[in-house]
Amino acid sequence: MLNQTCYALGANRSCIRELFEYGRARAALVGEENVFDFSLGNPSIPAPAQVDDAIREILVDTDSLKVHGYTSAVGDLSARTAIAQDLNARFDANCAPEDLFLCGGAAPALIAVLRSLAVEGGEALAIAPYFPEYKPFAESSGLRFRAVSPDVPAFQIRLEAVEAALTPNTQAVILNSPNNPSGVVYTAKTLEALAALLTKKASEFGHPIYIISDEPYRELVYGVTVPWLPHIYPDTIVCYSYSKSLSLPGERIGYVYVPQAAADSRELYAAIAGAARACGHVCAPSLWQQVIARCASLRPDLKAYDRNRLTLWQGLTRLGYEVARPDGAFYLFVKAPRGDANAFSEKAKKKDLLLVPGDGFGCPGWFRLCYCVSYDTICRSLPVFGELIR
Ligand code: PLP
């Protein structure tokens, strides 16, 4: 006998993975350059040179036993100190190393946080469009997952929909800004209004409602700033990852930040550490902790993403597509002509153009394009988009 939920999660590949695998197979047949694969959010700019330099230095300068040994479960003090200093310099965050828990990226960070909040009957809300993994992460942690309908076409947050979804069982609201898949950045006004609502409801329900701020795209913004949520809503738990900001998705390094001002901060931190332990966390990869100790203040060079973003956004808009305002991340979210994103995706697939329908993100009728591809792919895809809208 097998656990059927686990079996279904493992046996059924995600729609994004399906498309990506299909793209690989087509590329082998018709040539890489003839497949316009906008399916997968794999960074297309290399990690900063300082990251590679840091690895070389660490391997030369540091005792091999230390480089490859276990660290403390919460993470090496030097890495946590470097991250705290960076957060304090940028956001005046008042972060101390003991508020940080290093782990293998945003995915395990989210799971540890969700598990730490999983009480009998507990619920987690996510605002559509949302990262599809939130649902299995929440449900496998023992929380009921509830989606809040999207604010089309601005893709900010519909407060009345959040209010309708909140119940005395709501333990957390998961936010992701810059957003995957919309590319939208929530404004300070949006976040302040949400904070006011959650503060009111938490006092009505008699327990905290945490915001879980999933921030792998924090540094990927184009001319806007991402408000620092713990200043707007103290009961915020930050889940951060270097997968996108330093182009390190295969290396698995990130952290959870539990601000001291958050309700039950120290107990919450301990519960997150305990949840990670129960999931088999031993420590974040030691070499990468040491890289972060040296590189926590590095920022990505976004020129290539920005050029792709503007070329695709302007090109699609000129062709008559409706596109959500892409201020961050590396995604465009586009309204499907004639309304059916699945039909549109199938039609596009026939022209070797791969895009992800919004259904899995809780937003049917729209589709996602990852513009972390070559500039040449962007330019050559535009005539194909032109054919598809006719
Ligand atoms: N959250 C969002 C919104 C993402 O888009 C991703 C990855 O694409 C993750 C979390 C997981 O990131 P990580 O590679 O850090 O586990």
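A crossing of two helices is called left-handed if the near helix is turned anticlockwise from the far one by less than a right angle, and right-handed if clockwise. The model is predicted, with local features needing pLDDT of at least 70 and side-chain atom pairs counting only at pLDDT 80 or more, while totals for chains, interfaces and linings use all residues. Residues are numbered from 1 along each chain as its sequence is written, and side-chain values use heavy atoms, with hydrogens and water left out.

**Exercise 1. Describe how helix α5 packs against helix α12.**

Step 1. Helices (H or I, at least four residues) and strands (E, at least two) are DSSP runs, numbered from the N terminus; α5 covers residues 77-91 and α12 residues 286-295.

Step 2. Axes are lines fitted to C-alpha atoms, for helices over the stretch in contact, and angles run from 0 to 180 degrees between N-to-C directions. The two axes come within 8 Å and cross at roughly 35 degrees, and the crossing of α5 past α12 is left-handed.

Step 3. Taking contact as heavy atoms within 4.5 Å, S78, A79, A82 and I83 of α5 meet Q289, I292 and A293 of α12. Sorted by class, this contact holds five nonpolar, two polar and no charged residues, where Ala, Val, Leu, Ile, Met, Phe, Trp, Tyr, Cys and Pro count as nonpolar, Asp, Glu, Lys and Arg as charged, and the others, Gly among them, as polar.

**Exercise 2. Work out how strand β12 is enclosed and which strands pair with β12.**

Step 1. Buried means under 20% relative accessible area, exposed over 50%, and partly exposed in between (1.4 Å probe, protein chains only). Five of the five residues of β12 are buried, so the strand is largely enclosed by the rest of the structure. On one side W366, R368 and C370 are buried, and on the other F367 and L369 are buried, which leaves both faces covered.

Step 2. Two strands pair if DSSP finds at least two bridges between them. Four of the five residues of β9 are buried.

Step 3. Strand β11 (residues 356-357) also runs antiparallel to β12, through two bridges, and P357 stands opposite F367.

**Exercise 3. Trace the largest nonpolar core and the place of L369 in it.**

Step 1. A nonpolar core is a set of buried Ala, Val, Leu, Ile, Met, Phe, Trp, Tyr and Cys residues joined through side-chain atoms within 4.5 Å. The largest one has 34 residues, and L312, L316, F367, L369 and F385 have the most contacts inside it.

Step 2. At least two residues each come from α13 (303-319), β9 (331-335), α14 (341-349), β12 (366-370) and α15 (375-389), and the largest share, five residues, belongs to α15.

Step 3. Leaving aside neighbours within four places in sequence, L369 is in contact with F38, L312, L316, F330, Y331, L332, V334, L355 and F385. Another core, of 31 residues, lies apart from this one and includes V51, I58, L87 and L100.
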